[in-house]
Amino acid sequence: MARAPAITEIEELPEADRLGDFPHPRHTRALFGQGDAERALAEALASGRMHHAWLLAGPKGIGKATLAYRFARAALAQPQERDPTGHSLDVDDATIAARQVRALSHPGLLVVRRPYDTKGKRFASSIPVDEVRRLRTFLGHRAAGDGWRVVIVDEANELNVNAANALLKSLEEPPERTVFLLVSPAPGDLVPTIRSRCRMLSLSPLSDSDLRAAATAALAAADMPPPADADWAPLERLSGGSVARLLGLFGTGGLALQAQIDRLLGLLPRVDWKAVHALSDELQPVAAQPKFELYFELLMGTLAHLIRLAATGEGSPEDQSLAAKLIGTGRLASFAALWERVAREKADTLALNLDRKSLIIQTVAALSAAAQDRKPD
């Protein structure tokens, strides 16, 4: 009879809320640039007048999940293990609560997120109702003594309709000493009844200094070298204050892709078709999907930026010059419509597994045509 694998031999399942090989937010010790949000949670915890549900809102990759797990460690620790000033959520990593939160083994913690299908080898497209139904068992047991129970939903905007309705029932009748932390980059996508039962805590994009500190810490934890000195400024500019985005750009050649996009747009309406075909060949394979998605994310972001410049006249002289040359004022409506069309076609390409090379070539042809006021061939 085959021997059952020891716990240490069991392979950890992938986690939808983890970025590549970087530490998961629950393993991340330091939180950068979100002192006001942390202080609000810490002071509420210290006062004992804790609102039962908090909506941690803000762009992806700025520390929302890290803050949620910092709160879980503090709330589940013994009172004497917390910061005595009540202004931070610092808890020693050696405490039982901290170790159990890292291992997701604390009986007072429940994390609701998209599950991983071991047979299909992929994540569910949304958080199903069965994940939320685990709340029944979790909330059916009282916390030990006067302890807290913490429920983290990451990301709350990924709840499907049935799952959202099931969560709403718990939010409407909150059990004693239970705190819900809903992490969401798009709080507007949540049903209004859920939003109305939460206290909104908005987190802001990181400043360049906090962004660099957070990225440096994450790279060091993953045993990866930092970017070259000359690369920090463009990475900070493209990341929009998101450390996850900066790490993604750095790890997938984002700066090189942006340089190709800048050259493409700078040449319009002329097109270097040899370079376009080489790029489309590179991004065509299934294995290149992350880089394919990053290319379109950067392209769409750059186009949106130029469209805004053409409409407002604000921005750097270099960007204003390109916006005026490419879009001006007469082509503003056509470029806005083109942006929406490309977004739809890119989504259809991924959803229907259509030819990626064709999408890239068609998009460039459409950009060239829009830049000279004609319909694409």
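A word on the model before we set off: it is predicted, so local features are taken only where pLDDT is at least 70 and side-chain atom pairs only at pLDDT 80 or more, while totals for chains, interfaces and linings use all residues. Residues are numbered from 1 along each chain as its sequence is written, and side-chain values use heavy atoms, with hydrogens and water left out.

Let's begin with the sheet. Five strands make it up, in the order S2-S5-S6-S1-S7, with parallel pairing, and the sheet is open. Strand S2 (109–112) and strand S7 (199–202) sit at the edges with a single partner strand each, so one side of each has no neighbour in the sheet. From one strand to the next, the twist averages 20 degrees. The names come from DSSP runs numbered from the N terminus: helices are H or I runs of at least four residues, and strands are E runs of at least two. Two strands count as paired if DSSP finds at least two bridges between them.

Now look at S6 (residues 178–184), which is joined to S5 (residues 149–154) by six bridges, the two running parallel. On the S1 side, S6 pairs in the parallel sense over five bridges. Phe 180 is a handy landmark here: it is the bridge partner of Val 151 and also of Ala 53. Further along, Asp 154 stands opposite Val 183 in S6.

How many residues of S6 are buried? Seven of the seven are, so the strand is largely enclosed by the rest of the structure. Buried means under 20% relative accessible area, exposed means over 50%, and partly exposed is in between (1.4 Å probe, protein chains only). Both faces of S6 are covered, with Thr 178, Phe 180, Leu 182 and Ser 184 buried on one side and Val 179, Leu 181 and Val 183 buried on the other.

Next, the helices on the sheet. Helix H4 (residues 129–139) lies across S2, S5 and S6, and runs at about 170 degrees to S2. Helix H5 (residues 161–172) packs on the sheet too, touching strand S1 (53–57), S5 and S6, and its direction makes about 140 degrees with that of S6. For these angles, axes are lines fitted to C-alpha atoms (for helices, over the stretch in contact), and the angles run from 0 to 180 degrees between N-to-C directions. Contact means heavy atoms within 4.5 Å. Together, S5, H5 and S6 make a right-handed β-α-β unit; right-handed here means that, with the strands pointing away from the viewer, the path from the first strand over the helix to the second runs clockwise.

Most residues other than glycine have a negative phi, and most peptide bonds are trans. The peptide bond from Asp 154 to Glu 155, however, is cis, with omega near 0 degrees, and Glu 155 lies in the loop between S5 and H5. In the loop between H5 and S6 you'll find Arg 177, a residue other than glycine with a positive phi near 50 degrees. Arg 177 is partly exposed, at 34% relative accessible area. Lys 121 also has a positive phi, of about 55 degrees, and is exposed at 60%.

Arg 70, in helix H2 (residues 64–76), counts as buried at 5% relative accessibility. Where does the side chain of Arg 70 make a polar contact? The partner is the side chain of Glu 38, at 2.8 Å. (A polar contact is a pair of N or O atoms within 3.5 Å; within protein, one must be able to donate a hydrogen and the other to accept it, and residues adjacent in sequence count only if both atoms are side-chain atoms.)

Leu 306 belongs to helix H12 (residues 289–312) and is buried at 2% relative accessibility. Leaving aside neighbours within four places in sequence, Leu 306 is in contact with Leu 265, Asp 319, Leu 322, Ala 323, Leu 326 and Ile 327. Just after H12, Gly 313 takes a positive phi of about 75 degrees.
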